[in-house]
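Colleague: I have just opened this one. Could we go through it together?

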Amino acid sequence: MRVLGIESSCDETGVAIYDDEKGLISHVLHTQIAMHAEYGGVVPELASRDHIKRVVPLVRAALDKVNLTLKDIDAIAYTAGPGLIGALLAGAMEAGALAYGLGIPCVPVHHMEGHLLAPMLEDEKPQYPFVALLISGGHTLLIKVEKPGKYELIGQSVDDAAGEAFDKTAKLLGIPYPGGPGLEKLAENGKVGVFNFPRPMIKNPNCDFSFAGLKTAVLNATLEHKDDLESVKADIAKGFTEAMAETLEIKCKRALKQCHLKTLVVAGGVSANKDIRNRLQHLMDSMHGKAFFARREFCTDNGAMIAQVGMLRFKAGQLGDGKIKVYPRWPL
Ligand code: KG4
Ligand code: ZN
């Protein structure tokens with residue numbers, strides 16, 4: 001059986017095909033980064049219009065890559081939320097139309113569940129149960145995962161998400177959209193320890209996060225150094241990344257201990273960051289446990305993660321109520 005997945009929740013249009021025997025067999029992606037760059041961030045109306053244009057050619061490309069036609073597809077999965085409403089609708093409507101025309105099921109998928117299980121696309125897969133750290137543009141979540149679909153929230157950000165903190169900090173340093181990858185690049189030339197930013201809420205005995213104060217600390221540093229900002233920018237980027245990475249490490253360690261688990265799965269756009277990956281890998285080595293990440297291209301938004309979860313839902317007979325709906329806000 002094969003499920004074709006469509007992702008269109010923000011600024012990436014992704015299409016992929018997941019085969020229940022072979023796993024992921026095809027995936028294609030179009031990123032809107034260049035289109036939004038001149039505005040300094042995602043313009044929702046432009047995003048929606050572009051998704052409408054891209055989905056059908058990408059579906060064709062994903063099928064052509066593996067010499068399949070729509071007749072070889074058993075279900076269509078789409079990102080039903082959370083995300084930008086117009087962008088979600090663009091993918092959902094095309095998914096619904098395709099499924100209706102082909103007379104096959106249309107499966108709604110939660111975008112964050114897609115991210116959460118993206119490391120399962122790799123050859124070496126984590127064993128359940130595990131603790132998952134989900135760090136994206138809109139979410140920072142620590143979740144105990146018993147099995148697919150059984151998720152217990154054990155911590156979350158009380159203000160900015162990790163990706164949001166990266167993007168806002170990048171803006172303060174004059175790094176163009178998208179901020180996260182640009183800030184990672186800048187930090188490569190930065191020195192550790194020149195700027196010691198706060199590790200927010202680590203004394204709090206829970207697994208929640210807060211990143212608003214960290215962003216304010218960076219703002220203060222940029223103001224203090226407004227006359228020589230160019231010369232300290234890389235050190236600020238490194239200091240920010242270190243503070244973020246250490247905070248995530250402390251909270252992950254706490255969550256793992258609380259759950260009596262030694263497997264950590266890290267997913268979402270921010271998990272592409274090398275310093276964060278290294279730090280969490282090191283944590284798991286020191287705990288004699290194991291860390292799992294998706295390959296970098298599957299950390300950020302993509303169709304593969306949607307096709308994979310679509311297959312899980314399809315095989316479990318969880319096909320929604322047959323109506324095509326989207327949920328801009330949708331807790332996991
Ligand atoms: O998961 P994602 O692609 O979309 C959401 O569902 O939000 O995450 C996007 C976020 C953005 O905030 C982006 O700046 C951040 O992930 N990001 C990174 C890196 N690549 C993407 N942050 C730090 N380092 C990166 N290499
Ligand atoms: Zn995402």
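Colleague: Which residues does Ile-135 touch, not counting residues up to four places away in sequence?

Modeller: Ile-135 touches Thr-140, Ala-162, Gly-163, Gly-268, Val-270 and Ser-271. Contact here requires C-beta atoms, placed from the backbone, within 7 Å. Please note that this is a predicted model, in which local features need pLDDT of at least 70, side-chain atom pairs count only at pLDDT 80 or more, and totals for chains, interfaces and linings use all residues. Residues are numbered from 1 along each chain as its sequence is written, while chains are lettered from A and ligands numbered from 1 in the order in which they are written.

Colleague: Is Ile-135 buried or exposed?

Modeller: Ile-135 is buried, with 29 other C-beta atoms within 10 Å. The label "buried" requires 20 or more such atoms, "exposed" 12 or fewer, and "partly exposed" covers the values in between. Ile-135 lies in strand β6 (residues 130-135); strands are DSSP runs of E with at least two residues, and helices are runs of H or I with at least four, numbered from the N terminus.

Colleague: And where is Gly-137 placed?

Modeller: Gly-137 is in the loop between β6 and β7 (140-147). Gly-137 also counts as buried, with 21 C-beta neighbours inside 10 Å. The UniProt annotation "binding site", from an unreviewed entry, includes Ile-135, Gly-137 and Asp-167; such annotations may be inferred rather than shown by experiment. Among the residues that Gly-137 touches is Asp-167.

Colleague: Changing topic: what are the domains?

Modeller: The assignment gives domain 1 (2-116 + 300-315) and domain 2 (124-293), with bounds from an automatic or database domain assignment. Their centres, taken over C-alpha atoms, are separated by 27 Å. Domain 1 puts eleven residues into the contact and domain 2 puts in 14 residues.

Colleague: How many residues has the largest nonpolar core?

Modeller: That core has 104 residues, and Tyr-78 is one of those with the most contacts inside it. A nonpolar core is a set of buried Ala, Val, Leu, Ile, Met, Phe, Trp, Tyr and Cys residues joined through C-beta atoms within 7 Å. Helix α8 (residues 229-259) gives the most to this core, with ten residues. Both domain 1 and domain 2 give residues to the core, so it lies between them.

Colleague: Where does α2 bend?

Modeller: The bend is at Arg-54, by about 35°, and Pro-57 follows within four residues. The angle is taken between axes fitted to the seven residues ending there and the seven starting there.

Note on methods:
Two residues are in contact if their C-beta atoms, placed from the backbone, lie within 7 Å.
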